Amino acid sequence: MQLAALFHACRSPYAYPVGLEHLRIILKAARGDLAAAVCVHGDRYSWPPDLDRSTPMERLGDDGVHEYWGVTIPAPTRRIRYSIYVRGRDGDYAWLTEYGIAPRRPRRGFFEYPYIHRNDAFAQPEWLRYSVFYQIFPDRFCNGDPTNDPPNVAAWGTPPTGSNRMGGDLAGIRQKLDYLQDLGIGCIYLTPIFAAPSNHKYDTADDYRIDPQFGTEEELKALVKEAHGRGIRILLDAVFNHAGKEWFAFRDVIEKGKDSRYAGWFYDLHSFPVNPEVCNYETFANRIASMPKLDTGNPECRDYLLGVAEYWIRQADIDGWRLDVANEVDHRFWRAFRDRVKGVKPDAFILGEVWHNATDWLQGDQFDSVMNYPWRHATLAFLSGQLDAAEYDRLLCRMRFTYTSEMVRGLVNLLGSHDTPRVRTVLGSREKAAQAAVLLLTSEGVPMIYYGDEVGLEGKGDPDCRRCYPWDDPKQRDTELLSLYRRLIAIRKAFPWLNDGAWETFVADPVTGLFGFRRLPSPLAAPERPANEEGLYVVINNSSRGNAVTVPAGVGVHLVDLLEVEMLTGRVEGDRLELPPHGIAILAPATVAAAMNRKPGLDWKT
Ligand code: CA
């Protein structure tokens, strides 16, 4: 047994509360090393100090290098001490405590989880379970009001440049709520809509004014109200890492230099006078003069920004914020931000832009979630052939155990955004774009669709990924892909445990390219294993050849395909599934499928 590979620490994501009376314990070991692991635990105040209960741990998966074991232990007094006993496949054994790894049962140095405090509880808003997100770049989604178009507006569908404008606006989004409701969208995320010189509006000039090119405050209120009436929430984009060069405080600093009362609002003004021509101040990224970096540690600056966050929730009843460049703003600011936002709207959603591991922001005191770019990277790498099915499965496993179960169910998965090339263009085929959609809508977490991806809109990196939605161009709209998205969203809503349920891979074959997994209702909510017939079986044939696989559904279970997509559909015979090249299938026992189709509002065929 490789003792050096054993790892556990009494902190998230290795130890964390599930509800107020259970603690989840995760152990990492060398892959293939352990025969058994047992959590031995007791109350912290029991005397003499010993551990009186043993709960076996379960092997949960491996990432190719490590394997992960886990257990949820009861903690009725909320004060827990524990150690972990492990037995290797070589017959060796060891005990893990805070004091290290020892060959004998420990008497001291147990791991201690002092108290599961309800004020520390981290729970995602309940509505996430039922919501599919949709990201809109407002200038390019729909032009509903030509009277507010900027003077130099380009014709709808003109190839995007870094500076051209197409006239999209809030009125256009409101006009398309029918479309979004019919698609099954539960939350719309709008990139910035406040007054700013650029077409993307990430260089705010006035946080308290809707950009006149997009509409008015009244139009925002009307949009939110009508969306709410249809069960659709609205997130806005907060740009608090930096300001724009026309922002009132920055203009004052340029005018008055170090005598400006706002000089302390900026992170580092290197010299005076402040001059955008020479960029003698800290900015977003590398010397982007139009985006001076804010000092969110300055009390007046902090209070101003928190006021903006509160204002739009109170005024327009928005449902939360997406936070731009969130990882470069200080943690104290985000803690204050969370308290302020949740104080006004307890089930508001706080979504940070973090492209890498985000555990520091997901401890329950800052964000609810981040945009899950690592998932995008892994999924597109698999579908484009850079990772084989086994490698993809291991990477998903590794990412899963980077986070707690509560963090995972909140992660916002995406196939693309205004900052990346489009999924259809990256993968180069409609069949692969369909496979990506299946993975997006059947994975743990929260799916977010970038506007137009559901009809196969093309686009390379920024600015090409910001093309106009092709409402009037049938050649650019893949209606079969749109039907698939509708169906997938209907499945998602019929089985809300896809958000937080278990995942069991049953095939990840590097030779055939087959990747199949079963999703089940949450084992944490219901620790006893659910019956077979409750699960869904998802299979992707990532190969240009036909393939067949046996689905582990149990004897006598009659499976049907929930997708029935003409271009890619599979054939099921008993537990045997045949898939065409690049085929996809979501199988369910016939009883489950019948129950789903009886639910109203889930008819998807157009
Ligand atoms: Ca317009």
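Me: Which helices each supply at least two residues of the lining of the second largest pocket?

Reply: Some ground rules come first. This is a predicted model, where local features need pLDDT of at least 70, side-chain atom pairs count only at pLDDT 80 or more, and totals for chains, interfaces and linings use all residues. Residues are numbered from 1 along each chain as its sequence is written, and side-chain values use heavy atoms, with hydrogens and water left out.

A pocket is an open set of points on a 1 Å grid over the protein atoms alone, with protein on both sides within 12 Å along at least five of seven lines; lining residues have an atom within 4 Å of a point. Helices are DSSP runs of H or I, at least four residues, and strands are runs of E, at least two, numbered from the N terminus. Here α7 (373-383) and α8 (389-400) each supply at least two lining residues. With 6 residues, α8 gives the most.

Me: How many residues line the second largest pocket, and which lie nearest its centre?

Reply: The lining has 26 residues; Arg 398, Met 399, Arg 400, Thr 402 and Tyr 403 lie nearest the centre. They divide into 14 nonpolar, 8 polar and 4 charged. Ala, Val, Leu, Ile, Met, Phe, Trp, Tyr, Cys and Pro count as nonpolar, Asp, Glu, Lys and Arg as charged, and the others, Gly among them, as polar. The space is about 450 Å³, where a volume is the space filled by probe spheres set on grid points joined across faces, edges and corners.

Me: Why does the second largest pocket lie between domain 1 and domain 2?

Reply: Domain bounds come from an automatic or database domain assignment. Domain 1 (3-120) and domain 2 (130-241 + 297-493) both give residues to this lining, so the pocket lies between them.

Me: Back to α7: how many of its residues are buried?

Reply: Buried means under 20% relative accessible area, exposed over 50%, partly exposed in between (1.4 Å probe, protein chains only). In α7, 9 of the 11 residues are buried, so the helix is largely enclosed by the rest of the structure. Among them are Trp 375, Arg 376 and Phe 382. Gly 385 follows α7, with a positive phi near 90 degrees.

Me: Which protein donors does the calcium ion have?

Reply: Donors are N, O and S atoms within 2.8 Å of the metal (3.2 Å for Na, K and Ca); water is not among the atoms, so sites may look incomplete. The calcium donors are Asn 143 (OD1), Asp 145 (O), Asn 148 (OD1), Asp 149 (OD), Gly 167 (O) and Asp 169 (OD), at 2.3 to 2.6 Å. Asn 148 and Asp 169 are 21 residues apart, in the loop between β11 (133-136) and α1 (170-175). Both are buried.

Me: Why is the arrangement around the calcium ion irregular?

Reply: Six donors count as octahedral if opposite donors are over 155 degrees apart and all others between 65 and 115; four count as square planar by that same rule, or as tetrahedral if all angles lie between 85 and 135 degrees; anything else is irregular. The 6 donor atoms here subtend angles of 62 to 167 degrees, which makes the arrangement irregular.

Notes. 1 Å grid on protein atoms, 1.4 Å probe; cavity = no way out; pocket = protein on both sides within 12 Å on 5 of 7 lines; lining within 4 Å.
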